[in-house]
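Hi,

Here is the structure I promised to pass on.

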Amino acid sequence: MAVAVKKCLELQLLEVEMLLSMFPKKGEINLDEDAVPSVQRYLRNTDGALPPQLEYSIAIDVGEAKVKVELQVRLPHMYPHVAPELFARSNALHRQQQLQLNTGLASHISSLDSGELCIYEAVQWVKDNSLPYLENSQICSESASEEAVVKETLNRMWIYSHHIYRQELRKKIFDCAKKLNLTGFCLTGKPGVICVEGLRENCEEFWRVIRYPNWKHISCKHVENIETEGNVDHLRLFHAFEDLQFQAHGDYGLRNDYHMDLGQFLEYLKQHQSGHIFQILFGVEGKLSDK
């Protein structure tokens with residue numbers, strides 16, 4: 001089994017190297033800086049734990065207008081002997097057209113021979129087949145704008161975790177929030193709390209991404225939905241995605257089991273019109289101490 005995985009991972013690295021040479025411009029391929037080195041470390045010593053699955057995305061220009069379609073890629077350890085996990089998304093696509101595009105992509109990939117590298121084939125298929133879906137999406141948008149004012153929904157998601165310490169996890173949280181244009185915060189320490197707000201589909205995508213592959217002790221405690229006509233930005237309570245780190249109780253040095261000062265956190269929530277969330281997160285009514 002270890003030999004088979006080793007062979008598959010070697011092929012995956014060869015494919016990534018090929019893709020990087022084909023898409024050399026900045027922003028064309030988004031790949032975590034430690035993704036390839038972690039696989040290389042495993043290949044040097046296959047007695048250790050398996051590395052994280054390779055994940056990256058490729059920005060594809062479609063049509064004369066060069067509309068951006070992003071192909072998100074996640075490779076199981078046994079790829080190419082098992083199918084890759086692929087998802088194509090674009091801000092220019094409505095949900096229905098995006099679903100249809102991904103159904104067609106999955107059908108095409110399943111028709112290929114097992115054991116063959118197929119990410120470039122997937123890129124080419126998306127490039128060659130996305131235009132009809134984009135045009136249908138534009139027709140739907142024009143038709144809808146004639147019939148009624150477009151309504152958008154601001155989604156505000158409150159996520160609780162037993163703790164948030166690891167640097168690579170925090171980086172994933174901040175990178176994902178930035179990519180999806182989400183505001184809010186990440187409270188580092190014990191407990192860990194994340195709030196994201198933005199378009200509903202972007203919040204749902206954030207929740208899907210950060211839970212993968214196996215983040216335990218995490219739950220979405222509360223979701224707020226506010227519908228409005230036009231842009232949702234005026235409904236945001238936060239103007240950026242902030243890194244919250246409050247003073248810990250006690251002198252714990254460099255240990256990673258410190259408890260954050262929840263009094264300071266409550267004060268922060270109240271400053272952002274969210275004091276009521278404290279009881280939802282922790283099951284107790286928050287009270288500020290007298291100063």
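**What I found**

Let's start with Gln 271, which sits in helix α8 (residues 262-271); helices (H or I, at least four residues) and strands (E, at least two) are DSSP runs, numbered from the N terminus. Gln 271 is exposed, at 55% relative accessible area. For the labels, exposed means over 50%, buried under 20% and partly exposed in between (1.4 Å probe, protein chains only). Its C-alpha atom is 9.6 Å from that of Leu 237, 34 residues away along the chain.

Before you go on: this is a predicted model, so local features need pLDDT of at least 70 and side-chain atom pairs count only at pLDDT 80 or more, while totals for chains, interfaces and linings use all residues. Residues are numbered from 1 along each chain as its sequence is written, and side-chain values use heavy atoms, with hydrogens and water left out.

Next is Ser 57, in strand β2 (residues 54-62). Ser 57 has a relative accessible area of 5%, so it counts as buried. Its side chain makes a polar contact of 3.4 Å with that of Glu 70 (a pair of N or O atoms within 3.5 Å; within protein, one must be able to donate a hydrogen and the other to accept it, and residues adjacent in sequence count only if both atoms are side-chain atoms). Beyond four places in sequence, Ser 57 has contacts (heavy atoms within 4.5 Å) that include Glu 28, Asn 30, Leu 71 and Lys 179.

Last, Met 22 belongs to helix α1 (residues 2-22) and is partly exposed, at 37% relative accessibility.

Cheers
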